Amino acid sequence: MDIFLQQLINGLTLGSVYAIVALGYTMVYGIIQLINFAHGEVVMVGAMVALSVISALTGAQIGLPPVVIVLAGIACAIPACMAIGYGMERIAYRPLRKAPRLAPLITAIGISIILQHVALLVFSRNPLSFPQIMPNPVFEIAGAHISAVQIAIIGGSVVVMAGLTFLVYRTRLGIAMRATSENVQVAGLMGVNIDRVISSTFVIGAALAAIAGVMIGTYYGIAHYTMGAMLGLKAFSAAVLGGIGNLAGAMLGGVLLGVVEAMGAGYIGEFTDLCQAPWIAGLMTERCADGGNFVLFGSNYQDVFAFLVLIAVLIFRPSGLLGERVSDRA
Amino acid sequence: MALLEVRDLEVGYGGIAAVRGIGFEVAQGELVALIGANGAGKTTTLKALAGMLVASGGSVHFDGKSITRTPSHQLIRQGVALVPEGRGVFTRLTVEENLAMGAYIRDDRAGVRTDLERMFGLFPRLKERRAQVAGTLSGGEQQMLAIGRALMSRPRLLLLDEPSMGLAPLMVQKIFEVIQGVSKEGVTILLVEQNARLALEVASRGYVMESGEISLADSSAALLASPQVRQAYLGE
Ligand SMILES: Nc1ncnc2c1ncn2[C@@H]1O[C@H](COP(=O)(O)OP(=O)(O)OP(=O)(O)O)[C@@H](O)[C@H]1O
Ligand SMILES: [Mg+2]
């Protein structure tokens, strides 16, 4: 099996999800310069709601075709997440719009904790598994495997990203959003209701989060009330990598981060196998004999890469790959 | 009754008064100048009229209705448009998108298209650059865009804040020709300028602002002749 191609496929799958979540971070940041750290939790709620609906419909055994069941799950997750996105802006962030930047940031962490614990109470303390209701055939290309779910995730995310790009660049709301993100006061002069644009931004971001939640839940087969935290941090890193506030940057950053992570996970074992170093292998002949290994870091260190990337970006290119220099934005 | 009536208007920044109880009016179809030195409070006045700042006292009436506390996104629906100081074009939007933002409040697509062509007729330079992002325009082109954008809302009252600022003489002349043209079409204009001579030459009346108060009010001809104005604002 070709490790490189396989990890590329896995990375693109994961990266597609990161990209969609990263868009939510970057859109909100672009409009009100807030890092909505509770965004990852919205993804979690999306996964939980979809899973509950899918499980319930499957358990009811009313003979619905699996595709309909999955779509029903998504159709419930999206409005649920949109309501949460709207609510958190309205209740928690709007009153703080003129407060020092630290206040909404701390509030975001508070909302994260609240959402996690509400999910814990409503759903379960234990990981819930997505029922396997559809066959998930695996195809082989050039020695690597790609599953139907992976194809659906990558294809679905392309559709979602194209749709969002259309919305932002071709519709009245989208142009108003871009105008608002550049100059709130002048956008107001043009007749844009700023509050409504900000609400819309949260709601659209939350809808994307819901879709991402269903994707990631289906991909890993489970959902857990803490799943949003790490995913959110990684998607945030992806948004920073691409240049926070920049839509294309979030998409690029998400996909790149997914690929870096998958490659890292695929090769870290090989690169940190002490038996590969002759002078060490000589010291540990017993252990390294017959193709034995002494791996320092296994693929469970996968999560490290996102943050290594984040740190590297912050040091070498704080404005991100596609971001403008901060001084240009003022 | 005048189209715009300002009475005892007071505006401050966190307790520091910048506009101290001023009163003036602009009649339907008039072009009135508001001149004054740096920091006199001209921009503050316009921002309060446009709903960007909340007045701490006094009242503003437009077409007989109080707009003293109307937020800016509703004011433009009533027909008040501001071309802000420093132009405020959306530099990351294209020229055409900027103009579309000017027509944000309008639903008559056909009318908007007609007006867009009208703007391009008025400012051929903008037509050539319609698909370019506004940040790449020269200062003068940006000022044209800012004025065109405000006109796209079909305002009844146009508030202009230093349209000549930072522009080459030729460009200033062009901008002022446009302002006069717009005025001839019947749009009421309140023009804030540091270039007092130019402003008074196109306006029928003028107000002079000094330290947040209106110190003089007269016809443009009288102001241009007044020794006080000549010395302080015309550099003579
Ligand atoms: N955002 C602000 N915060 C505090 N004070 C301000 C602010 N903006 C303006 N001021 C003060 O209010 C007063 C009036 O300013 P304003 O900008 O209205 O003057 P102006 O007549 O437009 O001047 P210019 O010709 O330089 O544009 C000044 O003393 C200024 O320092
Ligand atoms: Mg000013």
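The lining of the second largest cavity in this predicted model is made up of seven nonpolar residues, one polar and no charged (Ala, Val, Leu, Ile, Met, Phe, Trp, Tyr, Cys and Pro count as nonpolar, Asp, Glu, Lys and Arg as charged, and the others, Gly among them, as polar). That cavity holds about 40 Å³, a volume being the space filled by probe spheres set on grid points joined across faces, edges and corners. A:L189 lines it along with B:A50, B:S72, B:L75, B:I76, B:V80, B:A81 and B:L82. Two or more of these residues come from each of α2 and β6 (80-83) of chain B; helices (H or I, at least four residues) and strands (E, at least two) are DSSP runs, numbered from the N terminus.

On a 1 Å grid over the protein atoms alone, a cavity is a set of points where a 1.4 Å probe fits but cannot get out, while a pocket is an open set with protein on both sides within 12 Å along at least five of seven lines; lining residues have an atom within 4 Å of a point.

The largest cavity takes up about 50 Å³. Its lining has five nonpolar residues, six polar and no charged, and α8(A) gives the largest share, four residues.

Then there is the largest pocket, at about 1100 Å³. Of its 41 lining residues, A:R97, A:K98, A:V184, A:I194 and A:I198 sit closest to the centre. Here eight charged residues join 21 nonpolar and twelve polar ones.

Residues are numbered from 1 along each chain as written, and chains are lettered from A in the order written. Local features need pLDDT of at least 70, side-chain atom pairs count only at pLDDT 80 or more, totals for chains, interfaces and linings use all residues, and side-chain values use heavy atoms, leaving out hydrogens and water.
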